[in-house]
Structures are given as structure tokens and as C-alpha cells.
Amino acid sequence: MTSIKRSNSDKAASLNLRLPPKKAAKNVANKTAPSQKIFYSIVHTIPGRIRFRIPLLARDTEYANQLKLAIESDTRVTNVRANPKAASIVINYKVGVISDNQMREHLVNLIQTAQDVVVPKEVMAKSIVGTIFDALINLIDSTRKLNQARNVIVYRRVRTDVWERILSTSRSVIKRLKSATMFILPNKRWRLRGNGGMNSQPLKLKSASEPELV
């Protein structure tokens, strides 16, 4: 009887020893699973400007925000305009810093890795402000189209009336204000942290696969 009980306990112990490694192996496999490949196409490109069409932008708002913020964090980029409904994103960048081919390869790499980027909380204020400005610009564009349609119906032709001038001027002013605000906002936010040693440090995005330093 003693030998039977001992063998059963040994068997149970061996089973208990085998289970954790299998579970751990499964967890490791999940963590190291490769990210999905992002499909894209280049719609238009000239020196200093490139437009991508990325179907995932229309389906995944989180990815759209991650990609936009990842691209905006690059100091060579001067402006980013995403249109999730059209599944496209337009990037303006400085000419002459690196070649257009290198910049295109860099942006393609960001498209593929943006889903693994952890966005720091410090960047979110910039994203919210940019979204507000984009919404105002889209509202003005929609209003201009309605006004132009009204002019066609009433006057049988497209004409530049007072409202068209006001809306066009407002759009230009808002775009300039957005550019100035997006340029100033990061520097102001670092000063508000109250840590003088961090004022000169550039803002960086950290990949989810990188270990956190303690």
C-alpha cells in the first residue's frame, strides 16, 4: 500500500512540474508573436511630400493615432495630415536632410512598426490639439462646399462671394495657428514638468518590445 501511494504522489508531482513550463512557453509565444503586416501603397510623391494609402487607417482609429504621433515625433517631418475616411496620410518633410528614398524607407518602416509603439502621455495633448484644429478645418471645407453649391443653384455659376472670402481666410489663419501651436506645445509642456534637466531632452516614443529601465 505504501509503495502504491508513493508512486501516485510521485506521478502527481511530475505532472505538476510539467505544467508550468508549458504555460510559460505559451505566454512567451504570445508575447513574441509577430505583428500583422500593414498593407500600403504610395499614391503621390514629390521631394518633401509623400502620400500613402493605408486601408487599416479606415478600420483602426488607435493605429491611425499611433502612426500619426510616431511620424510627428520625427524632427525631419514638418506636417502630417491623416484622413482616416479616405484611408490616406500625407507627410511633409524637410528636403536635403536625407535623400527622398531614405525618407520613404523610414516612413514605410514607421507604417509597419507604429502598432507596436507605446505613446507617452506627454504626447496626447499635442494629439488632442491637432485633432481639434483638423476638425475646424474640415468644418470650414464642408461649409465652403455648401456655399459653392448654393451659388451654383442661385447664380448658375461658381462665384467668389463674401462668405467664400471669409471662409478661405479663416482656413488659412487656422492652418497657420495650428502649425505654430503644434511647434510650441511640446516645449511648453516640458517646462511645466518643473524638471530643468529634462528641458533639453527630445521627446521619444518607446517600442512596446523594449524593456523599461528602472
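Analyst: Asp161 counts as buried, with 8% relative accessibility. Buried means under 20% relative accessible area, exposed means over 50%, and partly exposed is in between, using a 1.4 Å probe and protein chains only. The model is predicted, so local features need pLDDT of at least 70 and side-chain atom pairs count only at pLDDT 80 or more, while totals for chains, interfaces and linings use all residues. Residues are numbered from 1 along each chain as its sequence is written, and side-chain values use heavy atoms, leaving out hydrogens and water.

The partner of Asp161 is Arg150: their side chains meet in a salt bridge, at 3.4 Å from N to O. The term stands for a side-chain nitrogen of Lys or Arg within 4 Å of a carboxyl oxygen of Asp or Glu. Asp161 is in the loop between α5 and α6 and Arg150 is in helix α5, 11 residues apart, so the pair links distant parts of the chain. Helices (H or I, at least four residues) and strands (E, at least two) are DSSP runs, numbered from the N terminus. Arg150 is partly exposed, at 39% relative accessibility. In general, side chains of opposite charge can pair when their charged atoms come close.

The structure holds 6 salt bridges. One of them joins Arg171 and Asp141, whose closest N and O atoms are 2.6 Å apart. Arg171 belongs to helix α6 (residues 162–192) and Asp141 to helix α5 (residues 121–155), so this pair ties together parts 30 residues apart in sequence. Arg171 is partly exposed, at 23% relative accessibility. Another salt bridge is formed by the side chains of Arg76 and Asp74, with 2.9 Å from N to O. Here Arg76 is partly exposed at 21% relative accessibility, whereas Asp74 is buried at 10%.

Now the cores. A nonpolar core is a set of buried Ala, Val, Leu, Ile, Met, Phe, Trp, Tyr and Cys residues joined through side-chain atoms within 4.5 Å. The largest has 21 residues, and those with the most contacts inside it include Phe52, Leu67 and Ile89. Among the elements giving two or more residues to this core are β2 (49–53), α3 (61–72) and α4 (100–113). The most comes from α4, with 5 residues. A second, separate core of 5 residues includes Phe133, Ile137, Ile140 and Leu167.
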